Amino acid sequence: MINSSNQTAREAILKSIRAHLGVGDSFEPRINLRGLPVVNAVVHAQTSENGAAAQSLSKVDVFKKQLEAVNGHCFIAHTELQIVHALTQIITELKGTELNPKRVAVSDASGLERLVRLVAVEVEEVTVTPSPADLFGFDIGITTAQAAIAETGTLVLDSSRERHRLISLVPPVHIAIVDAANIYSTLAETLSVLHRTGNVSPIVTFVTGPSRTADIELTLTIGVHGPQELYVIVNEGQPLVVS
Amino acid sequence: MNHLTAETFDENAKAALTDTHLRGALRNATSLFGERRREAAASLNNWEDLRTQARAIKDETLSHLDKYLEQFVSKAEARGVHFHWAENAAAANEIICGLTAKYAASTVVKSKSMTTEETHLNDALESAGVQVVETDLGEYIIQLAHETPSHIIAPAIHKTKGQIAELFTSELGSAPTDDVAELTRTARETLRDRFAAADIGISGVNFGIAETGTILIVENEGNIRLTTSLPRVHIAVMGIEKVIPRFADVDVFLKLLPRSGTGQRLTAYQSFITGIKSNREDEGPDEVHVVLLDNGRSRMLAQPITRQSLACIRCGACLNACPVYQQIGGHAYGSVYPGPIGAVITPQLIGLEKAAKLPYASSLCGACREVCPVKIDIPALLLHLRAEITEGASKQRIGERLAFSVWAWIMTRPRLYVLSARLSRWLQWLFVRDGKISDKPTTKIFSPLAAWTSGRDLRPLDDSSFRDRWKKELSHR
């Protein structure tokens, strides 16, 4: 029954669209997308004081600057040891705050758990991909990111390649490791990479800074439903993510 | 308290003008949003090109909407998404209530969606015995207060933190505080349990990409990610005009939408959902349903001038720029969509007769057109709707037509014009007090002329006309 009425509604809506488009259409030339002006490459942060400097920054530097501008924290590591050091430093610092992390959830990215086990801070628990119901009790989620966008300081999470859809979202702290080689300059470039094969992964999430709201008197508040702290470790050494 | 209708717009607006709390909040919000938008637009060196491109993409989509919709649906269906077509609000609600019954859902979490506000989905679900929880902080606040959104992107813009604190204390039993971070934390903690318990998540859609069958949803809080990731069923409600042709087109719209809405370079999260998860054991819902809503939209395609209303990407920039919205806020419009775009969309969605006052809720200053990221000519649309209203009401306006015919007859005859001006100069002294014509008990001005004087004073005509002065003095110089 549902199917036949759905089919009827589908036909009625499409028919209505065609009927209404037919009327008065001759007043408007059909626009050819290929004939449109090409939008210029986007130049960011071209304000007078840093416009010149922005040109000479590397992708990693631009990413770091943009991430920090939206309240994210950025570490740059050149070796595995430096990644472990960065993780140690982040967790140690958090221990002194009211977040006081005890339970750490880690995604199933290859090699990630091994790195986390090397961290020289005591935590009560490290679990790889806890169940969604359990995840609410965790304080930190550690994942990798499949890519990043320099011009906006954005992480790109492809959750068909790593179980991080919830680990990157539910705990109040998210730490992500991204390979410097996977940082793209622009949003447009990133979109074309995501669409390279003609198909797009089932769930791709862009993350730009911690969760935020200004719904009460437009007062910016960091940390609503998603993480209130976002740390990104950019890995300039041997790539972690095999792509 | 605020379930006003568009039919009583004049009264609603008058009441809003006396609300000093509201006007203070509106002044802060609209000026801050406006400032941030200007700065964000200036951070790109090709803002105008982007607007032109975005509008061209929308025009292309809308003029072949059937084609792009079918492409979008077939691509997403191939990836396992179920589609439901709804000709009107009632049909959409029936479909969604049917799905809640099918999945035996008792609790539904919702992320912000103007389209479900338009269909009044929450009322329908509650009547069906389903508990609905709004999860966007602003929407959650107004749901607790039994109100409606007053701004497209900041639904609770009209409420002070004091009012919100009182609301949380009485509804959630939280300790009184006026610390915004503390209030936000209370909402986070309360809603976590709801997310964990929900059977279905309902979201809106910002863009449906025809080329790939992807739905793209844009947000800052993370509640959309939770709504679309945790429950085992995700239902997305989407107006048929939300389609864009190509995956690459996302670039233009993601540059325009956050900058125009909140002045951000990019909002915190964008979820690109293309079909259902590839492995059953992966995280995320088992099923994804999309409800496609017409509800008067296809009708707007008929003329190029009205068709552009469907290009709107719901950024809210025109609200912030509008001198009328800045004074009266969103509720006075008595419609789901407020502000200039609301004054244009509402009469087309619910009928001219029910919203005949809204196209007049504008000074036609054009500020909305200046800020619109997809270059919708809102003033032209307002004039078009006014013309339709006037033509439709021709029978009731015989007096007005007669008056304007007489006026035109006089104005095209110079002698008569001079004579009538002289006559007016004499007669006006019946109404002038303290050098102005105003609506006072001693000089009661009767309808319809009182429409001019009830809200403002008129300056009387000068003692001598320009022609007289020219003759007397200036021509001899």
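Author: Chain B holds an open sheet of six strands, ordered β1-β10-β7-β4-β2-β3, and its pairing is parallel. Strands here (E, at least two residues) and helices (H or I, at least four residues) are DSSP runs numbered from the N terminus, and two strands pair if DSSP finds at least two bridges between them. At the edges of this sheet stand β1 (82–86) and β3 (131–134) of chain B, each of which has a single partner strand, so one side of each is left without a neighbour in the sheet. From one strand to the next the twist averages 20 degrees, where axes are lines fitted to C-alpha atoms, for helices over the stretch in contact, and angles run from 0 to 180 degrees between N-to-C directions.

Before going further, a word on the model: it is predicted, and local features need a pLDDT of at least 70, side-chain atom pairs count only at pLDDT 80 or more, and totals for chains, interfaces and linings use all residues. Residues are numbered from 1 along each chain as its sequence is written, while chains are lettered from A and ligands numbered from 1 in the order in which they are written.

At the β3 end of the sheet, strand β2 (residues 107–110) of chain B runs parallel to β3(B) and is joined to it by four bridges, with Thr107(B) standing opposite Gln131(B) in β3(B). Helix α10 (residues 180–197) of chain B packs on the sheet, where it touches β2 and β3 of chain B, and its direction makes about 120 degrees with that of β2(B). Helix α5 (residues 89–102) of chain B lies across β1, β2, β4 (200–203), β7 (233–239) and β10 (287–293) of chain B, and runs at about 165 degrees to β10(B). Two residues are in contact, in the sense used throughout, if their C-beta atoms, placed from the backbone, lie within 7 Å.

The chain around this sheet has 23 helices and 12 strands, and the C-alpha trace of chain B spans about 95 × 55 × 45 Å along its principal axes. Of its 477 residues, 50% count as buried; a residue is buried if 20 or more other C-beta atoms lie within 10 Å of its own, exposed if 12 or fewer, and partly exposed in between, with C-beta atoms placed from the backbone. Among the contacts in chain B between residues at least 6 apart in sequence, 74% join residues at least 24 apart.

Elsewhere in chain B, helix α17 (residues 339–350) has 12 residues and reaches 16 Å from its first C-alpha to its last, close to the 16 Å expected at 1.5 Å a residue, the expected span being 1.5 Å times one less than the number of residues. This helix, α17(B), is mostly covered, with 10 of its 12 residues buried, among them Ile341(B), Val344(B) and Leu349(B). The buried residues of α17(B) pack against α15 (317–321), α16 (323–328), α18 (367–371) and α19 (378–392) of chain B, and just after the helix Gly351(B) takes a positive phi of about 110 degrees.

Gln264(B), in the loop between α12 (250–261) and β9 of chain B, is also buried, with 20 other C-beta atoms within 10 Å. Leaving aside neighbours within four places in sequence, Gln264(B) is in contact with Ala40(B), Pro258(B) and Arg259(B).

The contact between the chains takes 81 residues from chain B and 66 residues from chain A. On the chain B side, the largest share, nine residues, comes from helix α3 (residues 47–63) of chain B.

Strand β2 (residues 103–106) of chain A runs parallel to strand β3 (residues 125–128) of chain A and is joined to it by four bridges, with Val128(A) in β3(A) as the bridge partner of Val106(A).
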